[in-house]
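Open the model in your viewer and keep the sequence panel beside it. This tour tells you what to select at each stop and what to look for there.

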Amino acid sequence: MAKYLVTGAGGFIGFHVSQRLLARGDEVVGVDSLNDYYDVRLKEDRLAQITNDSHFRFEQLDLADQRATDKLMSEGFDRVIHLAAQAGVRYSLENPQAYVQSNLVGFVNVLEACRHNQVGHLAYASSSSVYGLNESRPFSVHDNVDHPVSLYAASKKSNELMAHAYSHLFDLPTTGLRFFTVYGPWGRPDMALFLFTKKILAGEPIDVYNHGRMKRDFTYIDDIVTGVIATADQPARPSPDWDPTNPDPGSSCAPFRVYNIGNNEPVELETFIHALESALGTKARRNYLPMQAGDVIETFADIDALQEAVGFRPTTPIADGIKHFVAWYREYYGVQA
């Protein structure tokens, strides 16, 4: 049994990761600020699924509070899975300071605490949004990602740079996971699947950006959790083949790695909506809109590096994943079929 710190434990991915770790017998301390970016009740209800486990302890904590973060992490952890962050591309256009405090200040506090408390491995959430203006497909960890198109994306690229500095200076193993569009039961209310489901069932039109001409690498939560835990269990090591005259962005001579974690199968937005209509048994009314600032037309994950490292291979078809979400949504909100 290992001792894990999971930050963002009340969040979508953090809750599922904590649940899986507990199921295999690990000790988990979960941290979350429980901010009101979206419905706090949903976060509390996620946590209620695991708080009765004797191997779980929850601490409500803002990681931007350095003293509180240091105090917590001084108790010692084998692994830290850092999933806490201010999420959302569009919200970063409205409230940039929230991203500075959570994604930058909070992240450096985690790095410092890992450094001073000899944490064996820090696995942390990056994002597919770091690819920004990069138009090569599929997105590869070997690509340059210096042209983000939102502050959220810039904050995630900054996390990767900060992590590399700590890996280089202090020999702290760090691994960044660039999440692509994650969906499934207990998902975030600001994500398309949740928003579409709510509006379709209410008989309201759904907003479809770029007139539906978009693709996303949708990845089911169970597949994501498998990849996160397998990665956290394998601390990053220096790459023996790393060449400073032709540096690979995804690895280093330090114990540092960055991986894509996605489905490796982009789905057209209209195909996604059709699958949701089928699961709901209801047609959607579409409100077609232009592209939003900060968005990208397509995401497509090259997951070869993660497959090679930990054997990661998603197995959940989009239609099945959406059915699982719809079944959860109906039960959670008491909506009859």
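Buried here means under 20% relative accessible area, exposed means over 50%, and partly exposed is in between (1.4 Å probe, protein chains only). Helices (H or I, at least four residues) and strands (E, at least two) are DSSP runs, numbered from the N terminus. This is a predicted model: local features need pLDDT of at least 70, side-chain atom pairs count only at pLDDT 80 or more, and totals for chains, interfaces and linings use all residues. Residues are numbered from 1 along each chain as its sequence is written, and side-chain values use heavy atoms, with hydrogens and water left out.

**Stop 1: strand β4**

Select residues 79-82, which make up strand β4. Show the side chains. Arg79 and Ile81 point one way, and Val80 and His82 point the other way. All of them are buried. In a regular strand the side chains alternate between the two faces of the sheet.

Two strands pair if DSSP finds at least two bridges between them. Strand β1 (residues 3-7) pairs with β4 in the parallel sense, over four bridges. Find His82 in β4: its bridge partner is Thr7. Next, turn to β5. The pairing of β4 with β5 is also parallel, over three bridges. Here Val80 stands opposite Leu122 in β5.

**Stop 2: the whole sheet**

Zoom out and colour the strands. Seven of them form an open sheet, in the order β3-β2-β1-β4-β5-β6-β11, with parallel pairing. At the edges are β3 (56-60) and β11 (256-261), each of which pairs on one side only. From one strand to the next the twist averages 20°. Axes are lines fitted to C-alpha atoms, for helices over the stretch in contact, and angles run from 0 to 180 degrees between N-to-C directions.

Strand β6 (residues 174-179) pairs with β11 in the parallel sense over six bridges. Pick Thr175 and look across: Arg257 in β11 stands opposite.

**Stop 3: helix α8**

Select residues 269-280, which form helix α8. Its expected span is 1.5 Å times one less than its number of residues. For 12 residues that gives 16 Å, and the end C-alpha atoms are 16 Å apart, so the two agree.

Which residues of α8 are buried? They are Leu269, Glu270, Phe272, Ile273, Ala275, Leu276, Glu277 and Leu280. Their cover includes α6 (192-201), β8 (206-208), β12 (267-268), β13 (286-288) and α10 (318-333).

Stay on Glu277. Its relative accessible area is 5%, so Glu277 is buried. Contact means heavy atoms within 4.5 Å. Leaving aside neighbours within four places in sequence, Glu277 is in contact with Thr282, Lys283, Ala284 and Arg286. After α8 comes Gly281, with a positive phi near 70°.

**Stop 4: α2 against α10**

Select helix α2 (residues 40-48) together with α10. Their axes come within 14 Å and cross at roughly 105°. Angles under 35 degrees count as roughly parallel, over 145 as roughly antiparallel, 65 to 115 as roughly perpendicular and the rest as oblique. The two helices are therefore roughly perpendicular to each other.

Show Arg41, Leu42 and Asp45 in α2; they meet Trp328, Tyr332 and Tyr333 in α10. The contact residues divide into four nonpolar, no polar and two charged. In this count Ala, Val, Leu, Ile, Met, Phe, Trp, Tyr, Cys and Pro are nonpolar, Asp, Glu, Lys and Arg are charged, and the others, Gly among them, are polar.

**Stop 5: loops and backbone exceptions**

Most residues other than glycine have a negative phi, and most peptide bonds are trans.

- Arg137 and Pro138 are joined by a cis peptide bond, with omega about -10°. Pro138 lies in the loop between β5 (122-127) and α5 (151-170).
- Gln118 has a positive phi near 50°. Look in the loop between α4 (96-116) and β5. Gln118 counts as exposed, at 62% relative accessibility.
- Asn210 has a positive phi of about 50°. Its loop runs between β8 and β9 (215-216). At 13% relative accessibility, Asn210 counts as buried.

Finish at Gly212, in the loop between β8 and β9. Gly212 is buried, with a relative accessible area of 9%. Leaving aside neighbours within four places in sequence, Gly212 is in contact with Leu269, Glu270 and Tyr288.
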